[in-house]
Amino acid sequence: MPERRVIVDPPAEVGGRRIRIDDEILGTAYSLHDLTVLLEGAGLEGLDEIDVADSPLIEWHGGGPEVWPAVQ
């Protein structure tokens, strides 16, 4: 089974970052915790926030795992 590609889009002007797996939009995350929860819901279980921040499966666009702008 091929690995799934997780893409974290650049921060939106109103806060949060859109999260996609392959071509499916999972939702918007406002923190690393939110991202971890979205990935668990998509079947990528057993990950904690450190795993998610360091995962080579995740493509970070517009900033890495430390970039979570406040909601406007």
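Reply: The protein has two helices and four strands, where helices (H or I, at least four residues) and strands (E, at least two) are DSSP runs numbered from the N terminus. Read along the sequence, these elements follow the pattern β-β-β-α-α-β. This is a predicted model, in which local features need pLDDT of at least 70 and side-chain atom pairs count only at pLDDT 80 or more, while totals for chains, interfaces and linings use all residues. Residues are numbered from 1 along each chain as its sequence is written, and side-chain values use heavy atoms, with hydrogens and water left out.

Me: What radius of gyration does the protein have, and what would a compact globule have?

Reply: The radius of gyration is taken over C-alpha atoms, and the globule rule is 2.2 Å times the number of residues to the power 0.38. For 72 residues a compact globule would come near 11 Å, and the protein agrees with this because its own value is 11 Å. Along the principal axes, the C-alpha atoms fill a box of roughly 40 × 25 × 20 Å.

Me: In what order do the strands of the sheet lie?

Reply: Strands of a sheet pair through backbone hydrogen bonds, either parallel or antiparallel. Here two strands are taken to pair if DSSP finds at least two bridges between them. The four strands make an open sheet in the order E3-E2-E1-E4, with mixed pairing. Its edge strands are E3 and E4 (58-60), each of which pairs on one side only. From one strand to the next the twist averages 20 degrees. Helix H1 packs on the sheet, touching E1, E2, E3 and E4, and its direction makes about 150 degrees with that of E3; axes are lines fitted to C-alpha atoms, for helices over the stretch in contact, and angles run from 0 to 180 degrees between N-to-C directions.

Me: Which residues of E2 form its covered face, and which its uncovered one?

Reply: In a regular strand the side chains alternate between the two faces of the sheet. In E2, Arg17, Ile19 and Ile21 make up the covered face, while Arg18 and Arg20 make up the uncovered one. Ile21 counts as buried because its relative accessibility is 1%; buried means under 20% relative accessible area, exposed over 50%, and partly exposed in between (1.4 Å probe, protein chains only). Leaving aside neighbours within four places in sequence, Ile21 is in contact (heavy atoms within 4.5 Å) with Arg4, Arg5, Val6, Leu26, Leu39, Ala42 and Leu44.

Me: Which residues make up the largest nonpolar core?

Reply: A nonpolar core is a set of buried Ala, Val, Leu, Ile, Met, Phe, Trp, Tyr and Cys residues joined through side-chain atoms within 4.5 Å. The largest one has 12 residues: Val6, Val8, Ile19, Ile21, Ala29, Leu32, Leu35, Leu39, Ala42, Val52, Ile58 and Trp68. Strands E1 (6-8) and E2 (17-21) and helix H1 (32-41) each supply at least two residues of this core, and H1 gives the most, with three. Leu32, not counting residues up to four places away in sequence, touches Glu49, Val52, Ala53, Trp60, Pro65 and Trp68.

Me: Is Thr36 buried or exposed?

Reply: Thr36, found in helix H1, counts as buried because its relative accessibility is 6%. Beyond its neighbours within four places in sequence, Thr36 is in contact with Leu47, Asp48, Glu49 and Val52.
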